[in-house]
Structures are given as C-alpha cells and as structure tokens.
Amino acid sequence: MNDSTFSELNISPEVLKAIQEMGFEAPTKVQSRSIPHILAGKDMVGHAQTGTGKTAAFGIPAIQMANKGSKTPSVLILCPTRELAIQVTGELIKLSKFTKGVYTLPVYGGQPISRQLKALKKGAQIVVGTPGRVIDHLKRGTLKLGSLELVVLDEADEMLNMGFREDLEQILSYSQGKSQTVMFSATVPKAIRNIMNRWMDNPEMVKVEGKTETASGIDQYFMEVRDSMRTEAISRVTDMANFKLALIFCNTKRKCDSLVQELQSRGYSADALHGDMRQNVRDKVMNKFRTGKIDMLVATDVAARGLDVDEIDVVFNYDIPNDPEYYVHRIGRTGRAGRTGMAISFTSGRKKKSVRFIEKMIRTQLKPLPMPSAKEVQLSKMDNHIEEVIETLQSGGLREYIEQLEPIAEGDFTPIEIAAALFKMRLEKNNIDRVQDSSHEFKSKPKKSRKKRSKRNY
Ligand code: AMP
C-alpha cells in the first residue's frame, strides 16, 4: 500500500484545500511517485492506466507550475478523445478551485472553433486538447506555445493507436527544448519508446505495479449499476443474502459520509470509517463492527488498514479502487480464517475499463452479477421467513397464541388463510422499511419459481 500523504508532496496550500474538498484521503501510488518528479522539472513516463489517479498525478503539478494570470498557456495537455479532454478539464477545474489566476480551457474537435478562439483570446494558462484541434489552432496562430513550460501526453498509446503520431511530433517540435515533457501510457510499445528517445530528455520511469495475489476462497463479481442505483443494489443484495457483516469501500471520505446517511435512512445500522475521524472515534466504530452492533461499515482504504474482523460476509466496492493492489487488499477482508467470502464491485460505462485492468492484474475474471429485482428480494425474504416459522413451530410455546387465533379459525377463515395474512403483514412491513420498489429502473432477471431460484450467488 501507499503510505505517503498529500502534505508530504510539496503541494500548495490552495491545491491541498481543493484535494481536501474533493475528499481524496491519500495520494494514489502513481500520484505519490509522479508528483515529485514533475514538480522537480524532470521529463517522466508514467506507465499507468485509467483509474489509477493519473489525471491528478499530472494535474496537481500542472496547476502549480502554470504561469498564473498569463495570457499565453504554460501547460498543454494532449488527450486522445474529446471525452477524455472534457474529463481531464473537469478534474483540473476542481483541483484549481482555490488557486487564483489558473484557467483551464478544453479545445477539441466537434466544438465550434469560434467559441475556442474567443476563449483563447481571453487567455488560458492550461490548455487541454485533442491533437487535431490543437494543430488547427497552431496553424491559425490562435494558440501560441512560446511560453509553454510543460507538455503532458495523456493516454499516449491511445493517441498513437488512433493515428495521431504525426500530429504529436509536430506539436512536440513546437515545444522541444523549451518545455518539460511528461507522458502517461497504459502500455509502452516500441512506438512510445521512439517518442521517448526522440522528444524526451532522460525521462524518469514510473511504473505502478503491486502485489496482486487474491485469496482463493472469495467469489468475485462485478455488477453493472449506475451511480444513482448503487445504494439500492447494496440493500437488495444484502437483504437477499441475509448478510450479517458487510464492508463497503468508497474512494472518498465525502462519499463514505453520504452513503452512511443513505443506508441509515433505509434502516440499516451503518457507520463510516475514514481519515477525518479522530483515532478514538475510529476505534469505537471498529469495535461496534467487530461486535456486530453495526452491520455495515463504509470505509476508505486508508482508514480500513487496521481492520481485523474475521466474519465479514461481503466486501462491496461502491467505487472501483484506483489501484489493483487496493482491490486485493479490500477483498482480502472477507474469506478470512478459512471462510468463504464474496466481493462485489460496482461498475458502469467508462469505468468498465478499470474492471478489465484489475482482471488483467489479478489474472482472474470477475463474474457478472445482475442486480436482483425487488421481486426476487421479496421471494428470498419469504424463504428466510419460512425457515423462521418452522424454527418457531419446532421450539413450541405457542399455546397462548393458538388460544387467541382459535375463534377466527372457527369462523369464516381457514388456518392457512390466517397464516398467509400474518405472513403478508410481516413482509409488507419490512418492505416499507427497506425495499423501495424501483424495478422499472433496471434490467430485471427472468422470473424464476421460488424453488428453482438459485440462492448460491447470494
Ligand atoms: P483517473 O485515473 O485520473 O481517471 O482517476 C480515477 C478516479 O479516481 C477519478 O474519479 C478521480 O477523481 C479519483 N481519484 C484520483 N485521485 C484520487 C485519490 N487520491 N483518492 C481518491 N480518489 C482519487
């Protein structure tokens, strides 16, 4: 695991404040290794994939190095697609929220050039662009790279795959000799090494690799569910499987807090564990979890380090971790001491890439797990209640209840109808407490009969 903190990385107080507001608790590995090199002015190649926190790894130094208030850009970030350019710009805007005089402008194909011309004229210190559109502006003379101090090639291998080699070389030839060059790439094939040799000066190599052995007794799943349905997914899976202790990981402190509130309002006994809490409060929460006083613990990676509880039934990755090594640590909290465990990682859209990357690193495929429908949850609860009914019948002590019910059974209703009514009342009460029926919001599995439905997965 990565043990450094953001404050050890020479980050300005303004950016530190933004990081705090974004809820990042500690730097990811690629951040703690790259930021010092970039801030020291060295050329660097980060061998890292999406999901590792690479945007902030170059974004934090870029904001600090930008020439505040200048009319011409001092940082140019090149991305293969407009989507990535927009995403990177969004992250930089958040990171520079408290830094005065830094404006980040995206320039990409597909957007009217006139708008970009106006914005460039006003002055941007950081430009994030796709190679084709950047070349366009260079040719028109609307983008001037004379004051450039840092060039970042993000997802460089993708840019080469997409046929941007000549554009890249042309852009690099504008900045060569004057500026520092930093590149992030998931792979480092020959074409990338050619760029390094030609355009970079003795670059530092930062490769993020970690321990990626997972325990064998853990069933690993991924569930495709969009952000707004994740709390619902946790509720349904937990209710269906009747989990006693669940550990849920989020990537930020803020998310931990908001998720705890959502879970508590659904009637779960949940609590958070993260770095903003004092040590004695954290100890108390851990103790409550260990002794079963709370059944859901929502934690960040850093705070969960000291957690030693053997009976955790399931680990949810509400957010996919930034580092496959974290994934291994997280899911290793279940399936301990010879028990079997379950790990469910939520994913959606672009984030699916992160799952593929984890699968590659741990050399195991995560199995797809559909989100259970509200109906399935209800049927499963019925199973659990039937078991309880049988246990109650077997343990006896029913005399006084029988006496209360006998008059109804002698009237218009059969004993089985009375039992069914009691059953319905109990299930409906639980439903109001927990499951909100939003089955129209997701793909439901084909209905199966209660007997045939496999309970193994849950
Ligand atoms: P990236 O690899 O840059 O696409 O980042 C993946 C996700 O991780 C983004 O949603 C970031 O906002 C988030 N992220 C980046 N750094 C951290 C950090 N230190 N702690 C938690 N989340 C982070």
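Student: Which orientation do helix 3 and helix 4 take to each other?
Tutor: In this predicted model, helix 3 (residues 54–65) and helix 4 (residues 82–95) pack with their axes 10 Å apart, at an angle of about 50°. Angles of 65 to 115 degrees would count as roughly perpendicular and those under 35 degrees as roughly parallel, the rest between these being oblique. Helix 3 and helix 4 are therefore oblique to each other.

Student: What is the handedness of the crossing of helix 3 with helix 4, and which residues of helix 4 does helix 3 meet?
Tutor: Helix 3 passes helix 4 in a right-handed crossing. From helix 3, the residues T55, A56, F58, G59, I60 and I63 take part. Their partners in helix 4 are V88, E91, L92 and L95.

Student: How are helix 1 and helix 4 oriented to each other?
Tutor: The axes of helix 1 (residues 13–22) and helix 4 cross at roughly 115° and come within 8 Å. Helix 1 and helix 4 are therefore roughly perpendicular to each other.

Student: Which residues make this contact, and how do they divide by class?
Tutor: Helix 1 contributes V15, A18, I19 and M22, while helix 4 contributes E91, K94 and L95. By class, the residues of the contact of helix 1 with helix 4 are 5 nonpolar, no polar and 2 charged.

Student: At what angle do the axes of helix 6 and helix 8 cross, and what is the handedness of the crossing?
Tutor: Helix 6 (residues 131–140) and helix 8 (residues 165–175) have axes that come within 9 Å and cross at roughly 45°. That makes helix 6 oblique to helix 8. The crossing in which helix 6 passes helix 8 is left-handed.

Student: Which residue has a side-chain N or O atom 2.7 Å from an oxygen atom of the ligand?
Tutor: Of the 15 residues around the ligand, those that come nearest are Q31, G51, G53, T55 and N322. A polar backbone atom of G53 is 2.8 Å from an oxygen atom of the ligand, and a backbone N or O atom of K54 lies 3.3 Å from a ligand oxygen atom. The side-chain atom at 2.7 Å belongs to N322.

Conventions: Residues numbered from 1 in each chain as written. Predicted model: local features only at pLDDT ≥ 70, side-chain atom pairs only at ≥ 80, totals over all residues. Heavy atoms only, no water. Axes fitted to C-alpha atoms, helices over the stretch in contact; angles between N-to-C directions. Helix = DSSP H or I, 4+ residues; strand = E, 2+ residues; numbered from the N terminus. Parallel < 35°, antiparallel > 145°, perpendicular 65-115°, else oblique. Left-handed = near helix turned anticlockwise from the far one by under 90°. Contact = heavy atoms within 4.5 Å. Near = heavy atom within 4 Å. Polar contact = N/O pair within 3.5 Å; in protein donor to acceptor, adjacent residues only side chain to side chain. Nonpolar A, V, L, I, M, F, W, Y, C, P; charged D, E, K, R; others polar.
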